[in-house]
Amino acid sequence: QMKKFLYNFKSLIYCLCELAVGILIFIDPIAFTSAIITVIGIALTVLGVLSVMNYFRLSPEVGAMTTSLARGLIFICGGVFCIVNPGWFADVFPVLAIVYGIIILVTGLIKLQWVVDIIRLKKGDWIVPAVGAATSVILAAVILINPFVSVDVMWAFVGAAMIVEAVIDGISTFTKLRDNHSSGGSSSDADSGTSDTEIQITDAE
């Protein structure tokens, strides 16, 4: 039961993060993307500097067997590029949107199998997961077809898609938590009943 709870809790955190990102993209996609890219650039630069420092801490023999220096320099170059020119990623957003559409499509197909598994195993409510799977596939199809007249409209749609995904996934997660709690309570009642029976048998003996 604890493992199921932790898994569903992680899913809930993911839904909240997806909801927050979707809202920020929907409100101001350019500023949000630039801020995220800048933060990523700073992180890459720090990791690169640490990797270079680690290389020079090693002995020449050990350092020759690693790629710490090259990896560090690559991280630094990538980080500086992200910091200096974060708007570049906004310009190539259509490509990023296609990648996101593919991710949503794959996620939707995985959800579809979960729905089929629930139906075959006759466990729990399958309607909410089915709605989530269908929504994911439809949103992915729209993003990949790209019928939008401008990049701004596409940004807004992707933000809205993330919000819808997060809400539906959140509802599905709450449903799982409720089902697990109900099954856990039933199991506890069954265990207590068994214990009472064992006590009565012991007293009779």
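1. Ground rules. This is a predicted model, in which local features need pLDDT of at least 70 and side-chain atom pairs count only at pLDDT 80 or more, while totals for chains, interfaces and linings use all residues. Residues are numbered from 1 along each chain as its sequence is written, and side-chain values use heavy atoms, with hydrogens and water left out.

2. The span of α7. Helices here are DSSP runs (H or I, at least four residues), numbered from the N terminus. Helix α7 covers residues 127–145.

3. Buried means under 20% relative accessible area, exposed over 50%, and partly exposed in between (1.4 Å probe, protein chains only). An α-helix has 3.6 residues a turn, so residues three or four places apart point the same way.

4. After the helix. α7 is followed by N146, which has a positive phi, near 55 degrees.

5. P129. This residue of α7 counts as buried because its relative accessibility is 15%. What does P129 touch, leaving aside its neighbours within four places in sequence? Its contacts (heavy atoms within 4.5 Å) are V115, I118 and S172. The C-alpha atom of L112, 17 residues apart from P129 along the chain, is separated from that of P129 by 7.9 Å.

6. D169. You will find D169 in helix α8, residues 151–204. At 14% relative accessibility, D169 is buried too. Leaving aside neighbours within four places in sequence, D169 is in contact with C15, E18 and K111.

7. The surface patch. A nonpolar patch with about 760 Å² of accessible area together is formed by I42, V46, L47, V49, L50, M53, V80, I83 and V84. α2 (29–57) and α4 (68–84) each supply at least two of its residues, and α2 gives the largest share, six residues. V49, in helix α2, is partly exposed because its relative accessible area is 37%. Patch members have over 30% relative accessible area and no salt bridge, with nonpolar side chains (Val, Leu, Ile, Met, Phe, Trp, Tyr) joined within 5 Å; a salt bridge is a side-chain nitrogen of Lys or Arg within 4 Å of a carboxyl oxygen of Asp or Glu. Areas come from the Shrake-Rupley method with a 1.4 Å probe.

Note on methods. Patches are made of residues with over 30% relative accessible area and no salt bridge: like charges are joined within 9 Å, nonpolar side chains (Val, Leu, Ile, Met, Phe, Trp, Tyr) within 5 Å.
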